[in-house]
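The sequence and structure are shown below.

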Amino acid sequence: MMEGNSTAGSFTPAQQFSVADLVVVVVYFSLNVAVGIWSSCRVNRNTVSGYFLAGRDMAWWPVGASLFASSEGSGLFIGLAGTGAAGGIAVTGFEWNATYALLALAWVFVPVYISSGIVTMPEYLQRRFGGERIRMYLSGLSLLLSIFTKISTDLYSGALFVQVCLGWDLYLSTVLMLVVTGLYTIMGGLVAVIYTDALQTLIMVLGAILLAVKDAVACVDPEECARVCGATVGCSNIAYPKLVVELMPSGLRGLMIAVMMAALMSSLTSIFNSSSTLFTMDIWRKLRPGAGERELLLVGRVVTVVLVALSVVWIPILQSSSGGQLYIYIQAVTSYLAPPVTAVFVLAVFWPRANEQGAFWGLMAGLVLGLARMGLELVYPVPRCGVPDRRPWLLADIHYLHFAVLLCAATGAVVAGGSLLTPPLPPARLKNLTWWTLSRESPQPSVDGTSQEPPDGCCSAALGSQRPSKAEGPPAAALKDTTEPPFWARICGINAVVLMCINIFCYAYFA
């Protein structure tokens with residue numbers, strides 16, 4: 001299935017980059033590395049709090065910029081443009097729909113997470129349900145998703161962009177990406193990630209608005225696709241690089257290379273840090289409870305290297321999946337593995353009767369069903385243009401998005417059934433852990449996964465407030481006060497309403 005789909009060879013660019021282009025790229029990389037080194041010196045990187053959590057002391061603006069830059073990785077630049085070239089504007093529905101999910105996260109779920117005093121999301125389910133097996137499972141699943149849908153896709157898309165624009169070998173380009181991003185991630189930790197993301201956000205936004213997708217990639221003979229882009233399943237993934245190489249003038253081509261590298265590094269650095277934190281805090285500390293800080297820091301850095309190696313190995317499989325459309329591949333794999341987790345989190349927050357037995361067996365049932373569908377997709381790939389679809393009915397007749405809805409509902413049914421057939425949790429165990437049991441006092445999160453009850457007089461947990469504390473200190477150091485000033489709270493609320501109105505207009509206009 002992989003034969004003929006490799007793009008590891010060299011690619012001859014349509015136009016040679018000028019000196020101005022190269023100067024822009026060199027200046028950008030130099031500035032980016034300088035910001036990473038400067039920011040990594042601002043906190044003590046030899047402590048768990050300093051390396052994994054940026055010392056628990058970070059201003060709002062670099063955090064917001066980092067969240068944006070991390071979510072808009074190179075996979076979106078390459079994948080969205082490619083799928084748009086192949087199928088039109090309909091693919092933007094994915095991003096428009098995300099608006100409502102993010103607003104629900106901010107207004108509904110985040111207050112519960114903050115009040116529970118967690119560091120990682122698997123830790124929330126461990127506190128909500130008790131036991132360790134759900135937390136361990138989710139940590140492992142998150143690492144797998146990082147490999148399948150984040151690291152490998154970002155590495156491939158970034159390397160493909162460099163290959164098309166500069167004519168370099170695909171895997172040589174991959175190594176270049178890894179060296180630059182891994183250097184300041186492994187050495188600097190989360191604080192380096194956040195500040196470099198803040199720099200890259202500006203470049204990404206300015207660069208992205210300069211281009212619009214054109215219809216230059218169509219369904220042609222597989223041999224022609226292999227000649228043009230090295231993949232017989234289709235060439236839609238090179239749509240965005242073609243725009244840069246063929247339409248941008250000298251100098252701006254270099255800027256767009258910098259934009260792509262910004263998107264790639266923002267996404268990779270964030271997933272490197274979060275994945276190493278997840279493994280170290282949720283898995284390694286359970287396997288070795290007596291591990292010291294030096295050991296935890298070493299393990300976190302080694303995990304980053306291992307994840308990268310596994311992701312590079314997965315790249316050839318990624319290239320031939322989902323008809324050669326990178327963005328469809330990302331959404332499909334997520335639809336097979338994420339819906340069970342969504343169902344469990346929703347029930348955990350909104351249904352106090354849900355318990356550990358129901359949640360665990362719901363996750364297991366959802367995992368089996370999702371892996372079965374994913375395995376079938378790998379065995380029976382999407383047929384080429386003009387070839388009849390003779391895949392099994394589960395693939396040919398049930399779209400992966402429809403399967404995601406069915407999988408989420410099936411998982412919810414198993415969770416509900418298992419919870420009703422087993423004893424409920426004591427009400428005292430649910431304090432600050434569900435939407436209905438939020439109180440005015442919230443526990444103070446700590447790096448080691450424990451919590452301390454705050455003194456009287458703390459602000460509303462629904463607003464996620466906690467008493468200020470020092471950025472560095474003992475393991476039980478609390479987060480800084482996260483209460484929003486009323487002015488900025490209103491501004492955020494107004495922006496959210498305006499965004500939803502624009503969303504609704506776009507749906508109505510393009511429908």
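R288 is partly exposed at 41% relative accessibility, where partly exposed lies between buried (under 20% relative accessible area) and exposed (over 50%), with a 1.4 Å probe and protein chains only. Its salt-bridge partner is E295, also partly exposed, with a relative accessible area of 23%. A salt bridge here is a side-chain nitrogen of Lys or Arg within 4 Å of a carboxyl oxygen of Asp or Glu.

The model is predicted: local features need pLDDT of at least 70, side-chain atom pairs count only at pLDDT 80 or more, and totals for chains, interfaces and linings use all residues. Residues are numbered from 1 along each chain as its sequence is written, and side-chain values use heavy atoms, leaving out hydrogens and water.

Seven salt bridges are found in the whole structure; the table includes three of them.

| Pair | N to O distance |
|---|---|
| E295 and R288 | 2.5 Å |
| R373 and E377 | 3.3 Å |
| R391 and E377 | 3.9 Å |

R373 and E377 both belong to helix α16 (residues 356-379), four residues apart, about one turn of the helix; helices are DSSP runs (H or I, at least four residues) numbered from the N terminus. R391 is in the loop between α16 and α17 (393-396), so its pairing with E377 ties together parts 14 residues apart in sequence. E377 is buried at 18% relative accessible area, and R391 is buried at 16%. Salt bridges with shared partners join R373, E377, D389 and R391 into one network.

Terms used: Helix = DSSP H or I, 4+ residues; strand = E, 2+ residues; numbered from the N terminus.
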